[in-house]
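Here's a quick briefing on one chain, for anyone about to set up calculations on it.

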Amino acid sequence: MEWLGEADVGARTSSSAGVRLRYAQPLAAIPGTSMIERMTSIVEVFDHPGRRLTHEDVALRTGLPRTTTYRILCQLVALGWLERSSTEYHLGHRAYALGDRWAWHTNLRAIALPHLHELASHTGLVAHLAILDRTEVYFLDCSGGDFANVSHSMIGRRLTAHCTAVGKAMLAQLAPETLDDVYAAAAIRRTDSPAAALNSLHGELAQVRVNHGLAIERGNHGSELACLGIALPAFSAAAGVSVAGTNHRLVVGRLAPILSATARNISNEAHEQHSRFAITPQTMSATRQA
């Protein structure tokens, strides 16, 4: 939306800042404005960590009615997106945690990308970087290979963790009881017998541990596609790398030491840069919580 300046007729004054600001069109006046849009407009006025605003400030900046603004502010405080100190509101712990997670992803990609390029160049396959989010794998980046154009569509995509090689490699890092907790609230999909499927998954992950953390998946996401994945040692179950290509090109005996070395190199570099890339309990919470 467009902000109008001090000289505009009808501009209102913010009591705390003494700055005359108003919206060209109040958000509340726009037909079909949803609750999500209104909540988003309120969060967005807290545009830096030090921003502190009163209830009236927020109403003025968003153009929302005072009663609506107050009701949404209370909900955001209850959910942890905002906090209230006396008469002022500011960003809450949940907003900061989301920002930390974004920074963590950005740092991990920056460290891993040169290693992904080298892995793809050395193997002729597509190299992927992924993280584990409960029972899903989220793909952060990829590089190279004959399937690069197709695989680039994987960036930002989520897949069921136990249906991917890199997902199984990361799940294998969890203790069996932790795995049970993670899947308790999200029973294994596409099966009429979640308990039997979970027992089968435990067996697959035990084999991954026997294979020094390497997991393989053939044909699950395309009849010609095969993947080999491993977790990053420094990140336990939080992150992993994989290579993907046609079945006949995925020779495990040749690729296993190369992929393992890549995982170690990324982990070692992350450890060296720990001052700007710390793994905290908050960082790991998305993986640990069900």
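A residue counts as buried when its relative accessible area is under 20%, as exposed when it is over 50%, and as partly exposed in between. Keep that in mind while reading, and remember that this is a predicted model. By those cut-offs, Arg-109 is partly exposed, because its relative accessible area is 35%.

**The chain as a whole**

- Of the 290 residues in the chain, 44% are buried.
- The chain exposes about 14,700 Å², and 54% of that comes from carbon and sulfur atoms.
- Looking at contacts between residues at least 6 apart in sequence, 55% of them join residues at least 24 apart.

**Salt bridges: Arg-109 with Asp-141**

- Searching the whole structure turns up 7 salt bridges.
- One of them pairs the side chains of Arg-109 and Asp-141, at 3.4 Å from N to O.
- Arg-109 sits in helix α4 (residues 93–123) and Asp-141 in strand β8 (residues 136–143), so this pair ties together parts that are 32 residues apart in sequence.

- Because Glu-136 belongs to strand β8 and Arg-158 to strand β9 (residues 158–160), the pair ties together parts that are 22 residues apart in sequence.
- Is Glu-136 buried or partly exposed? With 25% relative accessibility, Glu-136 counts as partly exposed.
- Arg-158 is partly exposed too, with a relative accessible area of 39%.
- This pair belongs to a network of salt bridges that links Asp-133, Arg-134, Glu-136 and Arg-158.

**Salt bridges: Glu-217 with Lys-168**

- The side chains of Glu-217 and Lys-168 form a salt bridge with an N to O distance of 2.6 Å.
- Here the link is between distant parts of the chain, with Glu-217 in strand β10 (residues 215–218) and Lys-168 in helix α6 (residues 165–171), 49 residues apart.
- Both Glu-217 and Lys-168 are buried.

- What does β10 pair with? β10 runs antiparallel to β11, and 4 bridges join the two.
- Glu-217, the residue that meets Lys-168 in a salt bridge, stands opposite Cys-227 in β11.
- Strand β11 (residues 225–231) is mostly covered, with 6 of its 7 residues buried.
- β11 also pairs with strand β12 (residues 239–246), in the antiparallel sense and over 7 bridges.
- Within that pairing, Ile-230 has Val-241 in β12 as its bridge partner.

- Ser-41 is found in helix α1, which spans residues 35–44.
- How does Ser-41 count at 13% relative accessibility, buried or exposed? Ser-41 counts as buried, because 13% falls under the 20% cut-off.
- Its side chain reaches the backbone oxygen of Arg-38 at 2.7 Å.

Methods. Residues are numbered from 1 along each chain as its sequence is written. This is a predicted model: local features need pLDDT of at least 70, side-chain atom pairs count only at pLDDT 80 or more; totals for chains, interfaces and linings use all residues. Side-chain values use heavy atoms; hydrogens and water are left out. Buried means under 20% relative accessible area, exposed over 50%, partly exposed in between (1.4 Å probe, protein chains only). A polar contact is a pair of N or O atoms within 3.5 Å; within protein, one must be able to donate a hydrogen and the other to accept it, and residues adjacent in sequence count only if both atoms are side-chain atoms. A salt bridge is a side-chain nitrogen of Lys or Arg within 4 Å of a carboxyl oxygen of Asp or Glu. Contact means heavy atoms within 4.5 Å. Accessible areas come from the Shrake-Rupley method with a 1.4 Å probe; for residues, only the protein chains shown count as cover. Two strands pair if DSSP finds at least two bridges between them.
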